[in-house]
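Subject: Structure for your review

Hello,

Please find the structure below, handed over for your own work. My notes on it follow.

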Amino acid sequence: MAMRTPLAAQGARVPFAHRIGAATPPGRDRGADSLRALAVCGVVCGHWLVTALVSDGGALHGASPLTYLPELVPATWLFQTLAVFFLVGGWAAHKGWAAARERGVGYRAWLRARLVRLARPVAALLCVWMLAAGLLLVCGTDAGTVRTLLKLVVSPLWFLLVYAALTAATPLVASLHPLWPFAVVLHVDLLRLAPGGPQWLGWVDLGAGWLVPYCLGAAWSRGALRERRTAWALLLGGSAATGVLVLAGGYPAAMVGVPGAALSNLNPPTPAAVTFGLAQCGGALLLHGPLRRWCARPRVWAAVALVNLSAMTVFLWHQSALLAVTLAGLRAGAPLPGLHTAPDGLDWVLARLLWLPVFAAVLSACWAVFHRYERGRRPRSESRVVATGSPAGSATVGRV
């Protein structure tokens with residue numbers, strides 16, 4: 001009779017969190033995974049807090065509380081976490097590419113595997129919303145409302161296009177010093193913001209701006225940035241530079257786009273957004289060690305691992321969850337506070353905070369339906385591991 005491991009012998013008696021820990025390779029960097037999970041959660045919460053849909057005679061149009069409540073601008077410094085995501089993305093891509101080369105995997109096969117992970121869940125999202133848009137129009141929904149909904153669903157996809165482009169360029173940019181793309185952002189802004197300057201140059205910043213934290217991540221993967229003084233220099237230097245650019249350079253203090261504002265720090269990334277990202281990267285590097293130690297706790301690591309395994313699904317469907325709740329709320333017959341009313345006061349903010357658990361519940365339902373498109377087909381061996389009590393094989397939990 002075949003011997004069984006103690007974990008397998010215990011079967012269903014093993015706590016769920018411990019099963020996830022057992023499926024995680026010992027060398028997995030849990031601190032980096034924690035940073036990625038925090039970045040994803042920051043983006044989701046930020047969108048849910050600054051995205052308002054105002055009901056006006058049966059139609060919906062977009063608005064932002066930042067337009068009415070500038071005192072909320074500091075919240076954007078907390079929830080705009082894209083630089084951290086690109087930092088960890090550069091770290092993971094460089095490690096993945098180095099590991100692929102050691103295994104003898106070619107560039108095309110490596111890149112195809114990474115891009116398929118991005119494309120599969122995006123295709124599911126677009127198919128669902130094409131059908132939903134058609135049904136809404138057939139049911140008599142205002143065309144302007146449908147355009148507003150589709151814009152909110154599609155607009156976050158710019159991030160994935162940039163991320164895919166940087167991933168494809170990993171072998172070329174892995175050793176690039178971050179100051180080079182930062183210099184490009186500075187020069188582009190000097191040209192495009194000059195009187196009569198060519199605005200199309202902003203497309204260059206869309207890649208160069210996020211290449212800065214991506215290159216930092218690659219450097220981190222190579223073993224650089226490990227000294228705490230380097231992290232402190234990024235945090236303090238980036239914060240100081242951002243303050244100068246905002247106070248003396250005329251850049252907005254909000255680190256997200258504000259409707260009606262003359263200039264946005266994100267569309268495209270400005271030098272202020274880049275220096276702010278450097279400060280965030282410094283803070284992330286300082287948190288890396290404490291987070292890694294914190295993730296030694298089984299329940300904490302289980303939560304972090306599940307967010308990482310579902311990061312694409314959460315990112316793609318979080319706006320859909322908000323929109324589903326908003327559309328369903330229209331059946332109440334009157335605009336619901338924090339859901340359909342103008343975001344022009346703190347009462348709206350308080351009401352919106354009460355809606356966040358509802359958005360999260362609907363997002364959980366979306367995850368239950370669509371997370372399979374993120375993970376794709378699993379090998380039979382992995383399916384057996386899941387069936388016998390492990391939520392994901394080590395190849396899944398441990399992949400970079």
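In which strand is H61 found? H61 sits in strand β2. This is a predicted model, and the notes below should be read with that in mind.

Strand β2 covers residues 59–63 and runs antiparallel to strand β1, residues 52–56, with 5 bridges joining the two. D56 has A59 in β2 as its bridge partner. Between the strands of this hairpin there are 2 residues, and G57 takes a positive phi near 65°.

H61 itself has a relative accessible area of 36%, so it counts as partly exposed. Leaving aside neighbours within four places in sequence, H61 is in contact with A52, L53, V54, D56 and T148. For a distance across the model, H61 and L201 are 30 Å apart, C-alpha to C-alpha, with a sequence separation of 140 residues.

Is H94 buried or exposed? Its relative accessibility is 16%, and because the cut-off for buried is under 20%, H94 counts as buried. H94 lies in helix α6, which spans residues 82–102. The side chain of H94 makes a polar contact of 3.0 Å with the side chain of S221. S221 is also among the residues that H94 contacts when neighbours within four places in sequence are left aside; the others are T170, A174, A218 and R222.

Aromatic pairs

The count of aromatic pairs comes to 15. One of them is W97 with Y107: the ring centres are 5.9 Å apart and the planes are at 90°, so this pair is edge-to-face. W97 is in helix α6 and Y107 in helix α7 (residues 107–138), 10 residues apart, and the pair is listed as linking distant parts of the chain. W97 is buried at 13% relative accessibility, whereas Y107, at 32%, is partly exposed.

W158 and F159 form another edge-to-face pair, with 6.3 Å from centre to centre and 90° between the planes. Here W158 is partly exposed, at 27% relative accessibility, and F159 is buried, at 4%.

Nonpolar cores

In soluble globular proteins, nonpolar side chains tend to be buried together. In this model the largest nonpolar core has 78 residues, and L160 and L316 have the most contacts inside it. Not counting residues up to four places away in sequence, L316 touches L160 as well as P121, V122, L125 and L157. A separate second core holds 9 residues, including A17, I20, A37 and C295.

Confidence

Which parts of the chain have pLDDT under 50? Residues 1–11 are one such stretch, and the model gives them 3 contacts beyond four places in sequence. Residues 379–400 also have a pLDDT below 50, and that stretch has 42 contacts in the model beyond near neighbours in sequence. For the protein chain, the average pLDDT is 87, and 90% of the residues score at least 70.

Regards

How values were computed
Residues numbered from 1 in each chain as written. Predicted model: local features only at pLDDT ≥ 70, side-chain atom pairs only at ≥ 80, totals over all residues. Heavy atoms only, no water. Core = buried A, V, L, I, M, F, W, Y, C linked by side-chain atoms within 4.5 Å. Buried < 20%, exposed > 50% of the residue type's maximum accessible area, 1.4 Å probe, protein only. Contact = heavy atoms within 4.5 Å. Helix = DSSP H or I, 4+ residues; strand = E, 2+ residues; numbered from the N terminus. Polar contact = N/O pair within 3.5 Å; in protein donor to acceptor, adjacent residues only side chain to side chain. Pairing = 2+ DSSP bridges. pLDDT = per-residue confidence, 0-100. Phe/Tyr/Trp six-rings, centres within 6.5 Å; stacked < 30°, edge-to-face > 60°.
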